[in-house]
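Please look through the sequence and the model shown here before reading on.

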Amino acid sequence: MATEAGTEPLPQAPSGGGRPVPELEPELVARRRAEGDGLVELLALARERLGGVAALSLDPEAGAAPTVLVTDPAAVRHVLALRPDRYVKRSHRARLLIGDGVLAATGEAWKRQRRLLQSQFTGTGMRRYEQRIARAARATAQRWAAYARTGERFDVGAELRRFALDTIWRSLTGHPLDAATDRELGAVAAVTAALPTLPAGAVDAREAVAADLARIDAVARAAIEAARRGPAGAGPDGPGLLHVLVEAAAERPEYTDRLIRDELVTLLVAGHETTATTLTWLYLLLDRHPEAREGALAAGPEGSAERRQAVQALVHETLRLYPSAWLLPRHAAEDDVLAGHAVAAGTDVLVCPYLTHRDPDLWPQPGRFDPRRFTAPQGRPAEQGAYLPFGMGPRACLGLQFALRESTLLLERLLPAHTVAFHSVPERTAYGITVRPDGPAPASLAP
């Protein structure tokens, strides 16, 4: 089929049946973009008008082929869990930062890398990091106690980022996070925040954040060199996950210095950015819903299973509203029929947990913060694919249990001790690699 210059041909419908995916009118998309709608508003419009499997061109003026949006739970499960070989990852949005780490890897390389890391995040592996998480939580609790005594203002998001980074740094290296490393790894957040606005060309994009990438590389290089010294390079907590990667290099030639760096940075990004963002959202939500904090503390005495379950429900409800993986891009590698709709090979697909979690047919009053959804019988939908803050299927987040454990341990310490009084809160939400508050959240503490 002949096409105009600068446009893409529409993928041909598969011959195996299925009706066409309903498409949002390109003229409507173009008009809404001109009126200032961003990606999330356009996706929400498509779901509202067309349902849980819908199509829209994200750049209709350039003639871009329609992208298929998937929010229906059964279709989500089909794409991510049942047919991951047909709906594949092509390139991670953060590849500039994480290189060929496990989040960006594909094919056999991904399988090998995933297999090595998987054991570190199972029940047995998690026990190695329990004390490190507890020490990071204790250090944060001590800082907050000092803020409460002095009345000092602090940025809640920055404090929770410091906790999450300390936790993953201890787990990777055996060392607590020192001030110099914390300062240098601020470059990770800077690159992550810049990714959506970087130039399209790979060379120009890298040049735009070259100084920050150099800072990250220097920290990674020093940590890898220390891990190579074996026990002599380990921190007070003993060898960490980085030592596992260094040891793998002795038997697996693919674990070059570059790949070890990429895995280290991947674990740093995935291991602190999402947790810090989730905890920041949680405190902002508790500011508007103080009864939720009171309910969690009243669920049982300190250290009880009942209180822990209630605290975890706070985290889960926060993740429902602001999932760590709010958008999951895939690419149809072959023809398929999805929820009765024909999807041709070559079609880009977007699974959107953010919209699935806000579907009123699944979640009554979806905009309401109600942690009881995760404690009451039948409080949440039973369908697989209705709740997936960390994705699902073979590419679901490796660190799910790690993130939940560190969040719960910290909140069990902080919630009974302090009420956070915000002096101002971010007015906007930023939709990038994560969905995060767009701005600082200065606060002080009340006992």
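This is a predicted model: local features need pLDDT of at least 70, side-chain atom pairs count only at pLDDT 80 or more; totals for chains, interfaces and linings use all residues.

Residues are numbered from 1 along each chain as its sequence is written, and side-chain values use heavy atoms, with hydrogens and water left out.

Helices (H or I, at least four residues) and strands (E, at least two) are DSSP runs, numbered from the N terminus, and two strands pair if DSSP finds at least two bridges between them. Here 5 strands make up an open sheet of mixed pairing, in the order β1-β2-β8-β5-β3, with β1 (53-56) and β3 (87-88) as the edge strands, each of which pairs on one side only. Strand β2 (residues 67-70) runs parallel to strand β8 (residues 348-351), and 3 bridges join them; V70 stands opposite V351 in β8.

Rings of Phe, Tyr and Trp (its six-membered ring) pair if their centres lie within 6.5 Å, and planes under 30 degrees apart count as stacked, over 60 as edge-to-face and the rest as tilted. By this rule there are 12 aromatic pairs, including the two in this table.

| Pair | Centre distance | Plane angle | Class |
|---|---|---|---|
| W144 and F154 | 5.2 Å | 55 degrees | tilted |
| W326 and Y354 | 6.1 Å | 85 degrees | edge-to-face |

W144 and F154 are buried (under 20% relative accessible area, where exposed is over 50% and partly exposed lies in between, with a 1.4 Å probe and protein chains only), and both W326 and Y354 are buried.
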